[in-house]
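Thanks for coming. Please have the sequence and the model open.

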Amino acid sequence: IRYQGPATRSVLDMRGSVYWDVYGLHRTYDIAAGARKGDREVVLDSVEGIAVGDALLLDQRNDGGLVDAVGSEGPCTWCSRQEGGRARGQYAEVEGIRGRTVELGLPLFLDLSPALAPEAVLISARSLVRRAGVEDLALTQAEPVNDYIVEMDGTQHCWLQNVEISGMHRRGVWLIESLQSQVRHCTFRDAVSGYGRDRGYGLLIDAQSTANLVEDNLFHAVDGGGMMTAGGAIGNVLAYNYLPDIRFDDPWWMIAGPVLNHAAHPSMNLWEGNIGPQIGGDFIHGSSSHQTVFRSYSAGCAEAATANNNAVDLQYKNRFMTVIGCVLGTPGRSDTYEQAWPEARSNQARTIWRLGYGGPGGAGETEVGDTLLRHGNWDAVTGATVWDPSVPER
């Protein structure tokens, strides 16, 4: 399919009406007693109007510390409900109702604290696109008139497989307000509107999308880190993806790919077996925490880039991250093991670890490095596998 018409929004639109349920109807219920990570049920102040097969958005207020929706470029008002004030949350299907107890189809990925006024927002079953898939297809556009090639908005158990996506203007795939959907064996290539600053992105998981799988995809000549999480995306798996050519509109600046964080507050996501230029998490639109990078390769250097050559770059308020069993850096090119706040930063150094910079007004923090778990990673500066002695052997 080669779209040649006037501007609409997407070349392929898989969209329900979850946005209207969350921001329009706004049917909310209090979770007065809170709930714990791993629980598969919540107790609400009422279950009136909720039926098995509906879904819930379970969220809570930002805590003012770990979760920060005011990034270096200002408030992320679009990151969640209440103009970014509820950046941590998740979706789950309703599988049963007993009195005021709602049984969930997914476990909770985070604690819901009574002190943070947790709420459940009702998502009607008819608002979700369910069990729809697109396979063995090529999608592009002749001119950069549509923002998105594919928009998966309010999907559950949906999929893209063996789809070639090219000619993106803003996003190749925008996966938002969705749960338990998949993007597998796809190719993202050749943005048509240039790169950088909200243009030419490959795949973006956004708007508290929950428990989705992005696996075995190729990203070539795109930006946006190739693939990234933002806006409270939680419990997703991004695994075995290849990002050989991530571009930016300033070619001398090596851009990250994949990107763990581009808007407050993605968390509890697994990044396994990916190959790219830089594992990055920025603070442009807010914080992130509790993400795991496992058995991945990050080159830390780009052929033509003279600045920002870092294998792992976790900026201000990207805390409690885990990087384990990875190969980091490029032999003969990477030259610095670590730069960490408050040490003076050099954008010309080719580092393995750059930690804690990039806050508002040039601020930084030591907490990024202090809360980082890094263990069993081989790097091209030491030429060895570095273990954390505080991690017990079993």
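**Strands, pockets and cavities**

In β10, the residue that bridges to alanine 55 is isoleucine 123. Element names follow DSSP runs numbered from the N terminus, with helices being H or I of at least four residues and strands being E of at least two.

Before going on, the ground rules. The model is predicted, so to speak of local features requires pLDDT of at least 70 and side-chain atom pairs count only at pLDDT 80 or more, while totals for chains, interfaces and linings use all residues. Residues are numbered from 1 along each chain as its sequence is written, and side-chain values use heavy atoms, with hydrogens and water left out.

Back to that bridge. Strand β5, residues 55-60, and strand β10, residues 119-123, run antiparallel and are joined by five bridges; two strands count as paired if DSSP finds at least two bridges between them. Both strands sit in an open sheet of six, in the order β3-β10-β5-β8-β9-β4, with antiparallel pairing. The edges are β3 (28-30) and β4 (41-43), each with a single partner strand, so one side of each has no neighbour in the sheet. From one strand to the next the twist averages 40°.

What lies across β5, β8 and β10? The answer is α1, which runs at about 130° to β10. Contact here means heavy atoms within 4.5 Å, and axes are lines fitted to C-alpha atoms, for helices over the stretch in contact, with angles from 0 to 180 degrees between N-to-C directions.

Next, the parallel pairings. Strand β13 (residues 148-153) pairs with β16 in the parallel sense over five bridges, and aspartate 153 stands opposite isoleucine 176 of β16. Isoleucine 176 also stands opposite aspartate 206 in β19. Five bridges join β16 and β19, again parallel. As for cover, six of the six residues of β16 are buried, where buried means under 20% relative accessible area, exposed over 50%, and partly exposed in between, with a 1.4 Å probe and protein chains only.

From β19 we move to β21, a parallel pair with four bridges. Here leucine 204 is opposite methionine 228 in β21. Strand β18 (residues 187-189) also pairs with β21 in the parallel sense, over three bridges, and phenylalanine 188 has phenylalanine 219 of β21 as its bridge partner. Then β21 and β23 run parallel, joined by three bridges, with histidine 220 bridged to aspartate 245 in β23. Of the 12 residues in β21, 10 are buried.

Now the pockets. On a 1 Å grid over the protein atoms alone, a pocket is an open set of points with protein on both sides within 12 Å along at least five of seven lines, a cavity is a set where a 1.4 Å probe fits but cannot get out, and lining residues have an atom within 4 Å of a point. Points are joined across faces, edges and corners, and the volume is the space filled by probe spheres set on them.

The largest pocket has a volume of about 1,100 Å³. It is lined by 47 residues, and those closest to its centre are Tyr201, His262, Asp282, Ile284 and His285. Which elements give two or more residues to this lining? They are α1 (18-25), β16 (171-176), β19 (201-206), β21 (218-229) and β27 (279-281). The most comes from β21, with four residues. By class, the lining has 19 nonpolar, 14 polar and 14 charged residues; Ala, Val, Leu, Ile, Met, Phe, Trp, Tyr, Cys and Pro count as nonpolar, Asp, Glu, Lys and Arg as charged, and the others, Gly among them, as polar.

The second largest pocket holds about 400 Å³. Among its 23 lining residues, Pro244, Asp245, Ile246, Pro277 and Ala302 are closest to the centre. The largest share, five residues, comes from β23. This lining has 17 nonpolar, two polar and four charged residues.

Last, the cavities. The whole structure has two of 30 Å³ or more. The largest has a volume of about 50 Å³, and residues lining it include Val22, Tyr23, Trp78 and Glu177. How many charged residues line the second largest cavity? There are no charged ones; the lining divides into six nonpolar and five polar.
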